[in-house]
Amino acid sequence: MTEQATPRHAYICNVCGSDHVTRDAWATWDVEAQDWILEVAFDHAHCHSCMGHARLDRVVLTSPVTFSLPQAGLSATPG
């Protein structure tokens, strides 16, 4: 039986289509791991290409550097 790979995703700006986007978040320092651990990601998103607030669209990666068009009605959700 052949195992299917889980689809990989990217998030892109709904205004310009760039994947150079960030979200506000809280991180906590983990003393044992000696690293920052993401606690929560908030709804506010920013696009560094068009330099403004953006809604993030989740897209399926069709190759390591290419993504498909966003599916109608789907947008990024926290988590």
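This is a predicted model: local features need pLDDT of at least 70, side-chain atom pairs count only at pLDDT 80 or more; totals for chains, interfaces and linings use all residues.
## Strands, hairpins and a salt bridge

Colleague: What makes β3 and β4 count as a pair?

Modeller: Pairing needs at least two bridges between the strands. β3 and β4 are joined by two bridges, so they meet that cut-off, and they run antiparallel. They also form a hairpin with four residues between them. In that turn, M51 has a positive phi of about 60 degrees.

Colleague: How many bridges link β2 and β3?

Modeller: Nine, in the antiparallel sense. The cut-off is at least two, so β2 and β3 count as paired. Among the partners, T28 goes with I37, and W26 goes with V40. This pair is a hairpin too, with four residues between the strands, and Q34 in the turn has a positive phi of about 55 degrees.

Colleague: Why are β2 and β4 called edge strands?

Modeller: The open sheet has three strands in the order β2-β3-β4. β2 (21–30) and β4 (52–53) each pair on one side only, and that is what makes them edge strands.

Colleague: How do you know that 52–53 may be called a strand?

Modeller: A strand needs a run of at least two residues. Along the sequence the chain reads β-β-β-β-β, with five strands and zero helices.

Colleague: What makes the contact between D57 and R55 a salt bridge?

Modeller: The cut-off is 4 Å, from a side-chain nitrogen of Lys or Arg to a carboxyl oxygen of Asp or Glu. Here the N to O distance is 3.2 Å, so the D57 and R55 side chains qualify. The structure holds one salt bridge.

Colleague: Is D57 buried or exposed, and how do you know?

Modeller: Buried means under 20% relative accessible area. D57 has 7%, so it is buried.

Colleague: And why is R55 called partly exposed?

Modeller: Partly exposed lies between the buried cut-off of under 20% and the exposed cut-off of over 50%. R55 has a relative accessible area of 45%, so that is where it belongs.

Colleague: What share of the protein chain is buried?

Modeller: Buried residues make up 16% of the 79 residues. The chain exposes about 6,300 Å², and carbon and sulfur atoms supply 55% of that area.

Terms used
Residues are numbered from 1 along each chain as its sequence is written. Side-chain values use heavy atoms; hydrogens and water are left out. Buried means under 20% relative accessible area, exposed over 50%, partly exposed in between (1.4 Å probe, protein chains only). Accessible areas come from the Shrake-Rupley method with a 1.4 Å probe; for residues, only the protein chains shown count as cover.
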